[in-house]
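Subject: Handing over the model

Hi,

Here is the structure I promised to pass on. Please have a look at it first, and then read my notes below.

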Amino acid sequence: MPGLGCTTISFDLRRLHQSEKKPYCKPLSGLAQPNFAPQICDQERKRQRLSSYENVDKALLSWIKYARSQNAPISWKVLKEKSLEFANELDELSFVASNGWLQRFNSRHNLSFKKLCGEAADFDSSSLKEWKDVVLWDILERYEYANVFNVDECGLFYQILPDRTLCFKGEKCVGGKKSKERLTVLLAANMDGSEKIIPLVTGKFLKPRCVKNCKSLPLFYDANSKAWMTADIWEKTLRRWDLNFSNRKGKLH
């Protein structure tokens, strides 16, 4: 290149190469800074601090990996107690499991709290099949089918409207807000279908207006503020069934 020597070109290339490696820095905010003003570099800002309790850090991380492999939920309180437990075992007497240390621990290892969704990990399907095909039938063989009862509960939304309707072509089809008024119904029957237990219905009101003048109902009725099955209601139901079955011969299951 005319007018430039080889030495000048080589120097400029080296300076360009060095500038590409240099991290981006910007002066502190505020008024104009002198040439010697301190600068904050993005590369330094993102650098993570190492833990002062490295052994506790490693032990806690290993435990979290194992717990998540078993799909065990880990809360903030459990995380804190487990870190204190490891610190005690490792003789780290000055460790206090502060919120700041736990937050930095989560940041170092890319951990975050999330809401559990779905029920896909509730059970092992292969174990369930084995239990139904082997264990359950081994239990049922000890009883007559007439003495084996199945019990289940369901929600009855008695004011809810259908979600499908007949309409004219081109008509805009919209629905309203769905009612959440419900009753809880408990149903039971034996295995061969020869006996059905009187249903139990749980509502919100102990004396509903709709049955004000009814002297008797073809069911048992109980109530609580949410119309749910509670431990007390379930205990009363079991005691009533036990009293009814106590005079029968044979074993019940």
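Helix α3 (residues 54-69) gives the most to the lining of the largest pocket, contributing four residues. Helices (H or I, at least four residues) and strands (E, at least two) are DSSP runs here, numbered from the N terminus. A pocket is searched for on a 1 Å grid over the protein atoms alone: it is an open set of points where a 1.4 Å probe fits, with protein on both sides within 12 Å along at least five of seven lines, and lining residues have an atom within 4 Å of a point.

Before I go on, note that this is a predicted model: local features need pLDDT of at least 70, side-chain atom pairs count only at pLDDT 80 or more, and totals for chains, interfaces and linings use all residues. Residues are numbered from 1 along each chain as its sequence is written, and side-chain values use heavy atoms, with hydrogens and water left out.

Back to the pockets. The largest pocket holds about 440 Å³ of space, a volume being the space filled by probe spheres set on the grid points, which are joined across faces, edges and corners. It has 15 lining residues, and R68, I74, S112, F113 and K114 lie nearest its centre. Sorted by class, this lining has eight nonpolar, three polar and four charged residues. For these classes, Ala, Val, Leu, Ile, Met, Phe, Trp, Tyr, Cys and Pro count as nonpolar, Asp, Glu, Lys and Arg as charged, and the others, Gly among them, as polar.

The second largest pocket contains about 310 Å³ of space. Its lining is made of 16 residues, with Y158, L183, P208, C210 and Y221 closest to the centre. Ten of the lining residues are nonpolar, one is polar and five are charged.

Helix α3 also packs against helix α5 (residues 99-108), at an angle of about 65° and with the axes 12 Å apart. The axes are lines fitted to C-alpha atoms, for helices over the stretch in contact, and angles run from 0 to 180 degrees between N-to-C directions. On the α3 side the contact (heavy atoms within 4.5 Å) is made by V56, D57, L60, L61 and I64, and on the α5 side by W101, F105 and R108. Six of these residues are nonpolar, none is polar and two are charged.

A few single residues are worth a visit. T237 sits in helix α7 (residues 231-245) and is buried, with a relative accessible area of 2%. Buried means under 20% relative accessible area, exposed over 50%, and partly exposed in between (1.4 Å probe, protein chains only). Leaving out residues up to four places away in sequence, T237 touches L186 and L200.

Y145, in the loop between α6 (125-140) and β3 (149-156), is partly exposed at 45% relative accessible area. Y145 and D192 are 47 residues apart in sequence, yet 5.7 Å apart in space, C-alpha to C-alpha.

Finally, which residue other than glycine has a positive phi near 55°? A227 does; it lies in the loop between β6 (220-223) and α7 and counts as buried at 0% relative accessibility.

Overall, the chain has seven helices and six strands, and buried residues make up 19% of its 253 residues.

Happy exploring!
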